Amino acid sequence: MGLIIGNIVALLASIALTLSGLLNNKKQIILMQIIQVGLAVISNIVLGGYVGAVVNFINLIRNIICYKDKLDIKSIIIITILSIGLSLYFNNLGIIGLLPLVASTVYLWFMNIKEVTKFKIMIILTTILWLIYDICIKAYTAALFDAATIIANFVTVCVLLRKIKIK
């Protein structure tokens, strides 16, 4: 039953993440990701992916700080240290359990990228790590939508690059 509930919640989180891939405004992207990571915390707990739940909870805080334009270097350093410490403590999956930490840390350090195309490329790269993790914790709906998010962001990047080339 937990597998089904966890995957239903992961499905809702994944829909929000995929929708964020179709947006062109960074504030809207981050707002949609606030919703996504909140749901992902619940899904990861139900599916036994405790490090994913911890990382996503920290990501929720990070995204709220970023949405309010308050994410400075001091916040980034504190969040990084907190993420590393808690991820190592709660990691129950060995190397696979480190993937959310790596994805989250990369995202944190580069989320202030102003240029939307580069921001979306960063989303693609970090989502690949989540895809692997989600498959390992049996978050199959999340994994399916991770793939959809990667594709949606890739298509949007191509469209944005084509617009730049036309100008």
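Predicted model: local features only at pLDDT ≥ 70, side-chain atom pairs only at ≥ 80, totals over all residues.

Biologist: How much space lies in the largest cavity?

Modeller: The structure holds one cavity of 30 Å³ or more. The space in the largest cavity comes to about 340 Å³.

Biologist: Which residues that line the largest cavity are closest to its centre?

Modeller: The lining has 26 residues. By class they are twelve nonpolar, eleven polar and three charged. Closest to the centre are Leu17, Gln36, Val37, Asn56 and Trp130.

Biologist: Which helix gives the most to the lining of the largest cavity?

Modeller: Several helices supply at least two residues each, among them H1 (2-21), H3 (50-67) and H7 (140-166). The top contribution is six residues, and it comes from H2.

Biologist: Which helix supplies the largest share of the lining of the largest pocket?

Modeller: The largest share is three residues, from H2.

Biologist: Are H3 and H4 roughly parallel or antiparallel to each other?

Modeller: Their axes come within 8 Å and cross at roughly 165 degrees. The crossing is right-handed. Angles over 145 degrees count as roughly antiparallel. H3 and H4 are therefore roughly antiparallel.

Biologist: How many residues of the contact of H3 with H4 are nonpolar?

Modeller: H3 brings Tyr50, Val51, Val54, Val55, Ile58, Arg62 and Ile65. H4 brings Ile79, Leu82, Ser83, Leu86, Ser87 and Phe90. Two are polar, one is charged, and the nonpolar count is ten.

Biologist: Are H1 and H7 roughly parallel or antiparallel to each other?

Modeller: The axes of H1 and H7 lie 8 Å apart, at an angle of about 5 degrees. Angles under 35 degrees count as roughly parallel. H1 and H7 are therefore roughly parallel.

Biologist: How many polar residues are in the contact of H1 with H7?

Modeller: On the H1 side, the contact includes Asn7, Ala10, Leu11 and Ser14. On the H7 side, it includes Tyr140, Thr141, Phe145 and Asp146. The classes are nine nonpolar, one charged and, for polar, eight.

Technical notes
Residues numbered from 1 in each chain as written. Heavy atoms only, no water. 1 Å grid on protein atoms, 1.4 Å probe; cavity = no way out; pocket = protein on both sides within 12 Å on 5 of 7 lines; lining within 4 Å. Points joined across faces, edges and corners; volume = space filled by probe spheres on them. Helix = DSSP H or I, 4+ residues; strand = E, 2+ residues; numbered from the N terminus. Nonpolar A, V, L, I, M, F, W, Y, C, P; charged D, E, K, R; others polar. Axes fitted to C-alpha atoms, helices over the stretch in contact; angles between N-to-C directions. Parallel < 35°, antiparallel > 145°, perpendicular 65-115°, else oblique. Left-handed = near helix turned anticlockwise from the far one by under 90°. Contact = heavy atoms within 4.5 Å.
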